[in-house]
Amino acid sequence: MDDSNSGTKDGWKSLTDKLDFADNNGVDPKIRRRITLLRVGIASFLMIGASLTFKFVGEDYLVITNQSENAELHYLPDSSTVLLESNATIRYKIEKYKRNRKIELSGSAYLEIKGGDIFEISVNRLIVNTIMGSVRLDHSNEEVLLKPIRGKLVVKSRNKIKEVNAGEELRVKNEKFIL
C-alpha cells in the first residue's frame, strides 16, 4: 500500500509504525538517538505552539466610552463606580480585573473605589494607586488634574512618587508634577 495515497491518519500511523519498528529491531544507537530527538522535537514544537496559541485567550479588554453630552455611571466588577464625563473612556482586561484592579482612563471621570487590593489607574503615562476612596481625575491634552475627595493617592511619574491626600490636588503636565 502506498502511504502517499492514504489519508493523514494512515500517514501518521505508518510513520509511528516505522519508528516503533526501528526501536524494536536492533537499529544502530545513533539512529535510535536521532529518532528520539525527532520525537522530542516534534512534541516540544507542538507544546510551544499550543502555549502561544492560548497565551492571549482572555486578554480581551472591555472599553467603555461616553459619547453622550451627559455624564454616565458605570459599575466595575468589584462594585467600584466610575462616572464618565463626555468623551471619556476607560478600559480594562476583563479576565484579570478582579485579580489586579487596573484600569486605563482618558478624559475626565469621578471614581468611587471600593476597598480591597490596590486599585491602579493609568492616565497619560501616570500610574495612580489607591486602596479605596473617591477621586476626581481630569485629563486634557498633556495635563492631568487629580483631586482625592476621600482616601489617599500615590502618583508615579518618571520614577518620582508623590502622595496626595483628601482635600489636596495635584497637577501633572508633561509627566512633571506642578505644585
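In this predicted model I began with Ser-108, which I found to be buried because its relative accessible area is 17%, under the 20% cut-off. I then placed Ser-108 in the loop between strand 5 (102-106) and strand 6 (109-113). Its side chain makes a polar contact of 3.0 Å with the side chain of Asp-138. Leaving aside neighbours within four places in sequence, I listed the contacts of Ser-108, among them Leu-83, Leu-84, Ala-88, Arg-136 and His-139.

Next I turned to the core. The largest nonpolar core holds 27 residues, and Ile-103, Leu-111, Ile-121, Leu-137 and Leu-146 are those with the most contacts inside it. For Ile-103 I noted contacts beyond four places in sequence that include Leu-76, Ile-90, Arg-91, Leu-111, Phe-119 and Ile-121. Arg-91 itself lies over the face of Tyr-61, at 3.6 Å from the ring centre. My search for aromatic pairs returned a count of zero.

Strand 11 runs antiparallel to strand 8 (residues 126-130), to which three bridges join it, and Lys-156 is the bridge partner of Ile-127. With strand 12 (residues 160-165), strand 11 pairs in the antiparallel sense over six bridges, and there I found Val-155 opposite Lys-162. Strands 11 and 12 form a hairpin with two residues between them, and Arg-158 in the turn has a positive phi of about 50°.

Definitions and conventions:
Residues numbered from 1 in each chain as written. Predicted model: local features only at pLDDT ≥ 70, side-chain atom pairs only at ≥ 80, totals over all residues. Heavy atoms only, no water. Core = buried A, V, L, I, M, F, W, Y, C linked by side-chain atoms within 4.5 Å. Buried < 20%, exposed > 50% of the residue type's maximum accessible area, 1.4 Å probe, protein only. Contact = heavy atoms within 4.5 Å. Phe/Tyr/Trp six-rings, centres within 6.5 Å; stacked < 30°, edge-to-face > 60°. Lys NZ or Arg CZ within 6 Å of the ring centre and 35° of its normal. Helix = DSSP H or I, 4+ residues; strand = E, 2+ residues; numbered from the N terminus. Polar contact = N/O pair within 3.5 Å; in protein donor to acceptor, adjacent residues only side chain to side chain. Pairing = 2+ DSSP bridges.
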